[in-house]
Amino acid sequence: MFQSLLTRRYLTSKVMPLLASAAVMLSVAMELITWSVMGGFLEQLIQSGRTLMGDIEISRPQRGFPDYKELMALLEEDEMIEAASPTIDAYGLVKLNAQQVTTCRIKGIDPESFDRVTGYYNTLYWTPRDEALPRDKERKDPRLDPAKHEALGQLQKLGENLDGIDLDTGSDRPQAVLGIEVFGKRGLRTPEGFVMDFPTFLPGFDVTLNVLPIDTSGGFLEPVARKLQIGNEFSSNIYEIDSQTIYVPLDVLQDMLKMDEAEKVDTSGRVEFVYDDNGNPIGTKPRETVGVVPAKVTSVLVRAAGDNIPLEDLRARVEEIYERFAAGNEDMPLLGSVNVYTWEDRNATLIGAIRKETALVLFIFGIISMTSVFLVLAIFWSMISERTKDIGILRALGASGPGVAWFWVRYGLVIGTVGSVLGIGLGYVVITNINAIHDWMSSALGIAIWDPSVYYFAEIPEEMNLTKTLIIGAAGIVSCGLGALIPAWRAASMDPVRALRFE
Amino acid sequence: MSSISVTNLHKTYKLGKVPVPVLRGASLEVESGEWVAILGHSGSGKSTLLHLLGGLDKPNEGEIAYDGKALSSMSSSQMNVFRREHVGFVFQFYHLVPELTVLENTLLGAMIRLGRFGYMKEAGQLKEAAAQLLGNAGLSHRLNHKPAQLSGGERQRVAIARALINNPPVLLADEPTGNLDQKTGNELLDVFESMRGDTQRTIVMVTHDQKVADRADRVIEMADGLVRTVQPTGLRTQKNPA
């Protein structure tokens with residue numbers, strides 16, 4: 001009983017316990033913020049990776065594989081699979097104007113099925129908006145303007161169909177959808193370090209794509225250039241994707257890469273020349289058409305029918321379906337030259353690195369947090385010296401050594417609890433406002449720590465969950481209890497006579 | 001009520017590596033309900049004797065017995081119980097906890113004795129008892145004051161109330177008037193006198209002041225770690241010379 005009374009009174013009567021609580025508070029807040037940001041980073045990376053490529057990818061880079069429509073139909077019949085979508089991945093040069101030329105990952109997609117697998121429609125940037133972005137306190141976002149909603153609605157359709165009318169001529173024209181950062185807009189910084197919030201408007205401009213097709217034997221063909229109209233832009237919130245990806249219609253890229261449907265000719269037998277009247281050869285006879293080479297894609301993306309299907313089970317099922325399909329179709333390459341990846345496999349290096357980095361940072365901060373143990377130890381040591389006479393009084397009144405020790409340990413735990421609760425509160429405020437705080441630091445102090453081009457995501461991610469909070473809070477309390485142990489032992493073993501005579 | 005028997009008590013402290021004998025074979029008897037003053041100059045060993053009597057320290061040699069039961073036979077936890085239930089301490093410098101109110105300081109001993117649940121069960125009665133003790137000491141209007149707001153005499157009266165809250169049969173007072181002026185000291189001794197009342201509590205009071213000592217039933221004079229018994233009339237009889 002005396003322990004709780006003295007704890008209450010000691011806690012509020014001196015500045016030292018408040019300092020100890022403040023140390024714990026800062027330590028807890030620091031760990032919570034670090035873990036939440038790193039964890040949020042990892043979580044966002046994982047979710048984004050999954051969103052952008054679905055759950056499974058059947059992939060054969062460059063050369064691709066045919067009969068993907070039949071394969072997709074077979075896949076979508078399976079109860080574990082929600083949707084499948086064909087894509088072509090290629091790298092090429094993209095030119096906006098004479099000054100702005102960049103290399104890009106050009107992705108040919110079928111928008112409707114691509115949306116079912118990846119949620120593509122939600123990533124389109126130029127669409128009508130009613131709610132402002134969290135950081136857009138002053139509602140500067142042009143997409144919020146009701147007067148522009150009709151035009152934005154048209155752009156949304158262009159993005160969703162990747163096909164539409166030429167805004168200048170009114171004729172039909174395939175559209176391209178650029179990653180919002182492709183021409184370095186959101187990453188552009190003012191001299192004060194402030195990141196530009198809203199990109200310049202590119203839809204309606206032309207963009208020229210240059211790709212290098214390869215033939216069936218792997219040889220390079222002539223580069224192919226094609227000018228498309230920018231129908232919309234997309235923002236996945238992953239800088240690396242938004243700065244390096246362009247979506248174009250699947251058939252357009254198939255055509256450019258010579259992966260579209262073609263006549264199959266008989267290549268057996270001798271080449272027969274065609275001669276002029278003088279008997280000079282002027283060409284070769286066209287070979288006999290013996291069939292059709294179906295169009296190809298480099299990937300088929302697959303979305304699971306629910307979030308609870310284990311990825312490895314899904315992969316096994318997709319492999320099984322593909323093998324069955326390939327066995328009955330001689331044009332299809334066998335598994336081995338076609339790979340089946342999960343989204344985790346695709347991002348394994350990065351995810352693994354971030355997981356290790358998170359663990360390392362937490363370990364380092366854990367060690368730094370041990371300073372709070374020693375801080376509490378030092379503060380308690382000093383407090384016990386100051387309270388020597390009180391300890392003598394308690395012993396004279398019959399308090400046992402363990403009773404006195406428990407008072408100090410309990411006092412440490414209370415300080416730890418106060419510090420942890422305050423630290424969690426501080427951490428919560430910082431974490432939930434971390435982007436606003438960062439914006440303020442950028443504009444007021446000229447300090448911009450989070451560079452999207454370095455940190456992968458355009459905004460600082462965060463993920464604060466109950467388990468992490470409880471673990472860190474408990475660690476703060478326990479560290480205070482540990483810090484109080486040695487001083488408590490010292491108090492318990494103090495000679496009461498000396499304590500009473502202490503000046 | 002409790003009688004005290006002290007036999008051939010030795011206590012030596014070490015100052016660095018140098019042994020400093022403080023008690024050199026002190027013996028005395030205190031009868032149950034008796035108020036005994038231990039008189040001596042500074043360094044005579046009287047405070048050390050009081051600490052040994054209260055179980056705050058252990059002698060190097062000799063024995064202390066309460067009603068025939070030797071303190072040396074008690075374990076550490078039994079000694080804690082002994083201090084909680086059998087003795088009450090009053091110190092020269094009051095030794096109140098500055099953060100606690102007068103009432104809380106008084107109740108501190110009861111909290112230690114009863115533990116959390118025992119105290120909570122009897123909290124109402126104990127608060128009444130503490131208020132009554134403080135009222136008897138003339139501090140009814142000071143219950144919620146902090147020690148810093150009290151005069152020296154008032155603080156010492158709080159210390160006495162705290163020592164009595166567990167109704168111990170023995171009160172040990174170390175220079176209770178040593179930090180007070182003569183008038184306040186006399187008033188405090190009146191409180192000692194009154195609180196003996198019907199309880200016939202045994203009181204051992206250490207002082208260096210003959211006038212204070214003369215208020216006791218019997219005066220035991222100490223010098224150089226030895227004990228002499230002196231009658232309150234001033235007729236001194238040496239009982240156990242070195």
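Modeller: In chain A, β3(A) and β4(A) form a hairpin with five residues between them. This is a predicted model, in which local features need pLDDT of at least 70, side-chain atom pairs count only at pLDDT 80 or more, and totals for chains, interfaces and linings use all residues. Residues are numbered from 1 along each chain as its sequence is written, while chains are lettered from A and ligands numbered from 1 in the order in which they are written.

Biologist: What makes β9(A) a partner of β4(A)?

Modeller: Five bridges join β4(A) to β9 (residues 245-249) of chain A, and the two strands run parallel. One of the residue pairs is Gly108(A) with its bridge partner Val248(A) in β9(A).

Biologist: Which residues of helix α3(A) are called buried, and why?

Modeller: In α3 (residues 68-77) of chain A, they are Tyr68(A), Leu71(A), Met72(A) and Leu75(A). They cover an arc of only 100° around the axis (the arc of the directions from the helix axis to the C-beta atoms), which puts them on the same side of α3(A). A residue is called buried because 20 or more other C-beta atoms, placed from the backbone, lie within 10 Å of its own, exposed if there are 12 or fewer, and partly exposed in between. On the other side of α3(A), Ala73(A) and Glu77(A) are exposed.

Biologist: What do the buried residues of α3(A) pack against?

Modeller: They pack against several elements of chain A, including β3 (81-95), β15 (299-304) and α9 (311-327).

Biologist: How many residues of chain B are in contact with chain A?

Modeller: Counting two residues as in contact if their C-beta atoms, placed from the backbone, lie within 7 Å, 24 residues of chain B touch 18 residues of chain A. The elements giving two or more residues to that side of chain B are α2 (76-85) and α3 (102-136) of chain B, and the largest share, nine residues, comes from α3(B).

How values were computed:
Helices (H or I, at least four residues) and strands (E, at least two) are DSSP runs, numbered from the N terminus. Two strands pair if DSSP finds at least two bridges between them.
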